[in-house]
Amino acid sequence: MSTADESLNKAEDLLARLESARTKLEETQDPDLAIEILQELAELAKEVEAELQRAKRAAETEAVAPPSPNPDAPAD
């Protein structure tokens with residue numbers, strides 16, 4: 001799996017956590033808990049953005065530099 005794919009998978013996991021936190025926020029009536037959840041949402045959003053930037057950079061790097069040949073592959 002490439003670095004771009006790994007970053008995208010991590011971003012998807014973070015988005016799932018973001019959705020879970022958003023659901024908790026909708027269900028709470030506790031203002032202190034709501035503030036905590038909002039802080040968690042903000043942090044998760046930053047992490048998602050960072051992973052998407054990593055994926056973009058990795059994809060650009062992979063597009064410029066072709067993957068190195070597999071040394072274990074049988075010779076032609």
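Helix H1, spanning residues 3-27, contains 25 residues and extends 36 Å from its first C-alpha to its last. This reach is close to the 36 Å expected at 1.5 Å a residue. The model described here is predicted. Its secondary structure consists of two helices and zero strands.

Burial was examined along H1 and over the whole chain. In H1, the buried residues are Ala4, Ser7, Ala11, Leu14 and Ala21. These buried positions pack against helix H2, which covers residues 31-64. In the protein as a whole, 18% of the 76 residues count as buried.

The geometry of the helix pair was then characterised. H1 and H2 pack at an angle of about 165°, and their axes lie 8 Å apart. Angles over 145 degrees count as roughly antiparallel, and H1 and H2 are therefore roughly antiparallel to each other. The crossing of the two helices, H1 and H2, is left-handed. The residues that form the contact of H1 with H2 comprise 19 nonpolar, two polar and nine charged.

Sequence separation was considered for contacts across the protein. Among contacts with a separation of 6 or more, 62% are accounted for by residues 24 or more positions apart.

In summary, the predicted model has two helices and zero strands, with the buried residues of H1 packed against H2 and the two helices, H1 and H2, crossing in a left-handed sense.

How values were computed
Residues are numbered from 1 along each chain as its sequence is written. This is a predicted model: local features need pLDDT of at least 70, side-chain atom pairs count only at pLDDT 80 or more; totals for chains, interfaces and linings use all residues. Side-chain values use heavy atoms; hydrogens and water are left out. Helices (H or I, at least four residues) and strands (E, at least two) are DSSP runs, numbered from the N terminus. The expected span of a helix is 1.5 Å times one less than its number of residues. Buried means under 20% relative accessible area, exposed over 50%, partly exposed in between (1.4 Å probe, protein chains only). Contact means heavy atoms within 4.5 Å. Axes are lines fitted to C-alpha atoms, for helices over the stretch in contact, and angles run from 0 to 180 degrees between N-to-C directions. Angles under 35 degrees count as roughly parallel, over 145 as roughly antiparallel, 65 to 115 as roughly perpendicular and the rest as oblique. A crossing is left-handed if the near helix is turned anticlockwise from the far one by less than a right angle, and right-handed if clockwise. Ala, Val, Leu, Ile, Met, Phe, Trp, Tyr, Cys and Pro count as nonpolar, Asp, Glu, Lys and Arg as charged, and the others, Gly among them, as polar.
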